[in-house]
Amino acid sequence: MKIIHTIKELREWRKTAGRVAFVPTMGNLHEGHLALVREARQRADHVVVSIFVNRLQFGQGEDFDKYPRTLQQDADKLSAEGVSVVFAPDEKELYPNVEQRYNVEPPYLQNELCGKFRPGHFRGVATVVCKLFNIVEPDVACFGKKDYQQLAIIKGLVEDLNINVEIVPVDTGRASDGLALSSRNQYLSEQERAEAPRLYRELRTIAEAIRNGNLVYAELENAAIQRLTDTGWSVDYVEVRHAGSLEIAHAGDKNLVVLAAARLGSTRLIDNIEIHL
């Protein structure tokens with residue numbers, strides 16, 4: 001496995017690489033990331049994994065500076081999974097002008113759900129992903145469904161900008177108690193970690209109610225928010241949306257997703273569950 005730090009070297013490698021699958025990450029890899037890598041391996045001759053902590057997608061007061069940088073441990077895990085290349089540029093390599101002068105501006109969706117609480121986040125995501133697609137030129141790129149809003153925005157980016165890459169959604173990796181795998185889980189205290197699976201249980205409760213015919217989504221959302229609040233969570237949102245467009249869901253929609261974001265202590269957790277009626 002090669003660890004490449006420059007765009008020039010990556011592009012030289014890419015010229016003779018054949019079919020390439022790509023997994024963009026910010027490093028500090030866990031089993032959820034490795035599931036993306038395994039899916040990617042099934043779809044191409046080579047897998048490229050990028051490791052880059054992208055300043056543009058962190059808001060003021062967020063955890064950019066303390067986000068774990070664990071390149072060697074990550075590289076060891078990726079080598080064991082048969083990855084061909086780790087692309088690990090520094091900031092100056094990916095943003096040579098210090099401040100990114102041209103940005104990819106997603107539509108209205110960037111200001112809803114997580115975007116409402118993290119202004120500019122999805123602009124940063126869309127910009128860096130577009131840059132990475134232009135550098136790696138993958139045939140396939142794998143993204144996890146845990147970041148459901150991000151996945152929807154990346155799909156729209158590829159469609160609207162005619163980027164020649166197939167986007168492959170991969171199911172959310174979970175711990176045995178249902179908690180969605182995330183690099184931020186390590187910030188949870190022991191007590192918070194025991195409480196954290198409640199978020200997924202609340203989503204499952206909503207999903208079961210909808211499958212049983214309860215389509216009064218606002219009541220379901222508000223009840224879940226109240227239960228989470230009563231047990232010490234600080235809730236950003238719990239919402240039922242149309243799974244394809246992420247527009248507000250209406251009775252009669254057959255493909256739905258329930259999305260939630262909430263904090264335990266200082267740690268912000270997100271999760272979702274799809275519902276197909």
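Contact, in this talk, means heavy atoms within 4.5 Å. Keep that in mind for the first residue. The model you are looking at is a predicted one.

I start with Q57. The UniProt record, an unreviewed entry, places the feature "binding site" at Q57. Where is Q57 found? Q57 lies in the loop between β3 and α3. Is Q57 buried or exposed? Buried means under 20% relative accessible area. The relative accessibility of Q57 is 11%, so Q57 counts as buried.

Now the contacts. Leaving out residues up to four places away in sequence, Q57 touches M26, E62, R118, H121, G124, V125 and V128. There is also a polar contact of 2.9 Å, between the side chains of Q57 and N54.

Next, the aromatic rings. Rings pair if their centres lie within 6.5 Å. How many aromatic pairs does the count come to by this rule? The count is six aromatic pairs. I will show two.

One is F22 with F133. Planes over 60 degrees apart count as edge-to-face. The ring centres of F22 and F133 are 6.3 Å apart and the planes stand at 70°, so this pair is edge-to-face. F22 sits in strand β2, residues 20–25, and F133 in helix α6, residues 121–136.

Another is F52 with Y95. Here the centres are 5.9 Å apart and the planes are at 55°, so the pair is tilted. F52 is in the loop between β3 and α3, and Y95 is in the loop between α4 and α5. These two residues are 43 residues apart, and again the pair links distant parts of the chain. Both F52 and Y95 are buried.

The charged end of K66 sits over the ring of Y187, 4.8 Å from the ring centre. For R174, the charged end sits over the ring of Y200, at 3.5 Å from the centre.

Last, a pair of strands. Strand β8, residues 255–264, pairs with β9 in the antiparallel sense, over 10 bridges. Which residue in β9 stands opposite V257? That residue is E274. As for β9 itself, residues 267–276, the strand is mostly covered, with eight of its 10 residues buried.

Key: Residues numbered from 1 in each chain as written. Predicted model: local features only at pLDDT ≥ 70, side-chain atom pairs only at ≥ 80, totals over all residues. Heavy atoms only, no water. Buried < 20%, exposed > 50% of the residue type's maximum accessible area, 1.4 Å probe, protein only. Helix = DSSP H or I, 4+ residues; strand = E, 2+ residues; numbered from the N terminus. Pairing = 2+ DSSP bridges. Phe/Tyr/Trp six-rings, centres within 6.5 Å; stacked < 30°, edge-to-face > 60°. Lys NZ or Arg CZ within 6 Å of the ring centre and 35° of its normal. UniProt positions renumbered as here; feature names shortened; annotations may be inferred. Polar contact = N/O pair within 3.5 Å; in protein donor to acceptor, adjacent residues only side chain to side chain.
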